[in-house]
Amino acid sequence: MTIAAIQELLAPTSTRLIAVSKTHGNEKILNLYDQGQRDFGENKVQELVDKQEQLPKDIRWHFIGHLQTNKVKYIAPFIDLIHSVDSQKILKEINKRALQQKRIIDVLLQFKIAEEDSKYGLTKEEGLSIAAAASSYVGIRITGVMGMATFTDNKVQVRQEFQRLKSIFDELKTTHFSNEDTFREISMGMSGDYPIAIEEGSTMVRVGSLLFGNRNY
Ligand SMILES: *Cc1c(COP(=O)(O)O)cnc(C)c1O
């Protein structure tokens, strides 16, 4: 699918497209860049750091993978949004590195909405307790939530999982962020399920293979 076709689908919804460029080379990224795309997502720190050094500086980089505490320092100087905060510990480290950089880093809380055990993510209760402590982290702004649905053809199940993420977002919003209009992002939807995600209130879809083709690991 072309980026223009996806942008056309997204246009009436105000959903932002994050082009997930992991494993793909700079040439392919520049090709989308030349068509106006500015938001790109990566899930490996070293790969992201290399690309950030080599590619245009007005690209907005999104970190979407599991983040280890000892690697936060490498992306803290430039990262635009970390989608994958899945513990208090990582939040603390991001806060520390943000303060060192004299930045405020935007993050999303990643919730586990899928059935599979392998997916990282917070339970709703863990998310609520992190949100309760959020104001003590002055180097961080929690701007929303992220989740990945189960990898399945069962559209009913996928829809229910996205609805669950939306309802967690709503609860966090009422309980902890009702005065903050910066808490507004719901990052959900990938190549296989982004149309459902948009119907269920996604504000950011993370699309990789549909734009770039299959990944060779
Ligand atoms: C790889 C990845 C995507 C993109 O997946 P596609 O199926 O290629 O669109 C989205 N989100 C996360 C967290 C990923 O790791």
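This section describes salt bridges in a predicted model.

The structure contains 12 salt bridges. Among them is a contact between Lys-51 and Glu-47, in which the closest N and O atoms lie 2.8 Å apart. Both residues belong to helix H3, which spans residues 45–54, and because they are four residues apart in this helix, about one helical turn separates them. Lys-51 has a relative accessible area of 5% and is therefore buried, the cut-off being under 20%. Glu-47, in contrast, has a relative accessible area of 22% and is partly exposed.

A salt bridge is also formed by the side chains of Arg-159 and Glu-199, with an N to O distance of 2.8 Å. Arg-159 is located in helix H7 (residues 155–176), whereas Glu-199 is located in helix H8 (residues 194–199), so this pair ties together parts that are 40 residues apart in sequence. The relative accessibility of Arg-159 is 27%, which places this residue in the partly exposed class. Glu-199 has a relative accessibility of 55% and counts as exposed, because the exposed class begins over 50%.

In another salt bridge, the side chains of Arg-184 and Glu-185 meet at an N to O distance of 3.7 Å. Glu-185 is buried, its relative accessible area being 12%.

Salt bridges also occur as a network, in which Arg-16, Asp-39 and Arg-60 are linked.

Key. Residues are numbered from 1 along each chain as its sequence is written. This is a predicted model: local features need pLDDT of at least 70, side-chain atom pairs count only at pLDDT 80 or more; totals for chains, interfaces and linings use all residues. Side-chain values use heavy atoms; hydrogens and water are left out. A salt bridge is a side-chain nitrogen of Lys or Arg within 4 Å of a carboxyl oxygen of Asp or Glu. Helices (H or I, at least four residues) and strands (E, at least two) are DSSP runs, numbered from the N terminus. Buried means under 20% relative accessible area, exposed over 50%, partly exposed in between (1.4 Å probe, protein chains only).
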